[in-house]
Amino acid sequence: MVKMSLDAVQVMSGQVKELKVSPSSNGDARGSWEGKEEFDPSQLELTAKPKPPKPENAVTVAVSSRVLFRTEREQKVFEQKGVEEYLRYQIEHENEPFAPGPAFPFVKALEAVNIRLRELYPQSEELFDIVLVTYNHAHVGIRLINTINHHNLFIERFCMTGGSSPIGYLKAWQTNLYLSADAEKVREALAEGIAAATMFMTEKLTEVSQSQLRVAFDGDAVLFSDESERIFKTHGLDKFFEHEKENEDTLLDHGPLKGFLEALGKLQKKFYAKGQRLDCPIRTYLVTARSAASSGIRALKTLRAWGLEIDEAMFLAGAPKGPMLEKIRPHIYFDDQMFHVEGAAEMGTVAAHVPYGIAQKYNSQQKMSSGK
């Protein structure tokens with residue numbers, strides 16, 4: 001089984017670089033204005049960054065510092081020495097940027113899409129908006145800001161809760177997706193109707209595209225409800241096939257990440273409207289254990305009825321998902337079963353667990369029976 005670890009921290013971004021004033025000939029810092037050329041604002045080294053969009057217009061992705069950056073060392077300090085020593089350690093190391101975590105390539109891909117959208121629609125606020133969420137005390141903010149600037153991330157929204165639950169703030173941000181290392185907070189978000197998933201740090205990571213955002217989804221209990229999965233878990237495969245055949249013209253109910261796929265689709269259509277369907281920087285995938293002939297038609301009819309397009313659909317008929325995901329190289333893959341998450345991670349895919357539906361009952365039973 002792949003070795004995974006979790007950890008914690010957060011961020012924001014500055015806009016003005018250091019202003020340098022040359023000393024005058026008498027040694028003070030005022031300088032002489034006599035004989036100077038006309039003032040050139042560019043010499044002040046101002047970095048003009050676009051304003052973040054309003055939450056009601058944006059596709060808001062809230063990311064925990066524990067998955068955006070690697071903070072294993074800091075987490076050990078917190079667990080072994082307590083909060084005061086943890087804060088002291090963070091302040092002492094605030095000029096040392098954190099290394100990228102599992103969500104980092106995904107966030108960079110979101111920003112790459114935003115660059116393309118701003119080129120096509122300079123005045124539009126239909127963009128990805130990234131919010132950094134952390135349980136940290138505000139004292140840790142300087143290190144987070146330094147880290148964001150070091151990695152050239154455009155993250156202006158920052159939520160430091162000082163140990164409180166962030167769920168209420170996620171609703172205020174109108175969050176479309178929440179990524180965290182804290183499985184309990186992810187479950188709280190899902191219970192509030194917010195698309196959410198738990199991310200893990202893996203030892204092996206596959207290189208992903210720098211120019212195209214690739215997002216892969218499981219079907220049942222992720223895009224769709226767990227209705228069909230319940231039939232399979234309680235009555236077996238034959239009954240599942242029979243149920244799907246009888247209900248192939250009945251739409252599946254929506255799952256927890258249907259809204260996020262819908263948000264991706266809206267941004268894709270902005271590129272299609274400019275004749276860039278074949279050069280769209282967003283690509284979506286359905287990677288499901290369903291069989292195409294016996295149970296795939298209901299899934300496809302449901303997506304079509306919702307008005308949602310999936311660029312590529314993989315019906316694996318129970319085959320392992322890891323090898324297929326290794327070829328797709330998504331920035332993130334969402335699945336409700338830890339078995340598939342771990343299998344994907346072993347192949348180097350950043351996989352996120354959606355703790356929703358009947359499969360969670362079986363996940364917990366497996367942990368109990370194995371003594372974990």
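Val61 stands opposite Leu177 in strand β7, and that pairing is a handy way into this fold. This is a predicted model, so local features need pLDDT of at least 70, side-chain atom pairs count only at pLDDT 80 or more, and totals for chains, interfaces and linings use all residues. Residues are numbered from 1 along each chain as its sequence is written, and side-chain values use heavy atoms, with hydrogens and water left out. Helices (H or I, at least four residues) and strands (E, at least two) are DSSP runs, numbered from the N terminus. The chain has 14 helices and 14 strands.

**Around strand β7**

- Strand β2 (residues 59-64) is the partner that pairs with β7 in the parallel sense, over three bridges; two strands count as paired if DSSP finds at least two bridges between them.
- β7 is also joined to strand β8 (residues 196-199) by three bridges, and those two run parallel as well.
- Buried means under 20% relative accessible area, exposed over 50%, and partly exposed in between (1.4 Å probe, protein chains only).

- Arg157 lies in strand β6 (residues 157-160), and Arg157 is buried, with a relative accessible area of 16%.
- The side chain of Arg157 has two partners to look at: the backbone oxygen of Pro53, reached at 2.4 Å, and the side chain of Asp129, in a polar contact at 2.6 Å.
- A polar contact is a pair of N or O atoms within 3.5 Å; within protein, one must be able to donate a hydrogen and the other to accept it, and residues adjacent in sequence count only if both atoms are side-chain atoms.
- Setting aside neighbours within four places in sequence, Cys159 is in contact (heavy atoms within 4.5 Å) with Leu132, Val133, Thr134, Tyr169 and Trp173.
- Take Thr134 from that set: Cys159 and Thr134 are 25 residues apart in sequence, yet 6.2 Å apart in space, C-alpha to C-alpha.

**Helix α2 and its two sides**

- In helix α2 (residues 72-81), Glu74, Gln75 and Val77 are buried. They cover an arc of only 155° around the axis, so they sit on the same side of α2; the arc is that of the directions from the helix axis to the C-beta atoms.
- On the other side of α2, you'll find Arg73, Lys76, Glu79 and Gln80 exposed.
- The buried residues of α2 pack against α1 (65-68), β3 (69-70), α3 (83-92) and α5.
- Just after α2 comes Gly82, with a positive phi of about 95°.

**Loop residues worth a click**

- Most residues other than glycine have a negative phi.
- Asn152 has a positive phi, near 60°. Asn152 is in the loop between α5 (141-150) and β6 and counts as exposed, at 62% relative accessibility.
- Ala221 also has a positive phi, near 70°. Ala221 is in the loop between β10 (213-217) and α8 (227-235) and is buried, with a relative accessible area of 0%.
- Ser291 sits in the loop between β11 (282-288) and α11 (292-306), and Ser291 is buried at 17% relative accessible area.
- Not counting residues up to four places away in sequence, Ser291 touches Phe241, Gly296, Phe315 and Ala317.

**Whole-chain numbers**

- Buried residues make up 50% of the 372 residues in the chain.
- Among contacts between residues at least 6 apart in sequence, 79% join residues at least 24 apart.
- The accessible surface of the chain comes to about 18800 Å², and 51% of that belongs to carbon and sulfur atoms. Accessible areas come from the Shrake-Rupley method with a 1.4 Å probe; for residues, only the protein chains shown count as cover.
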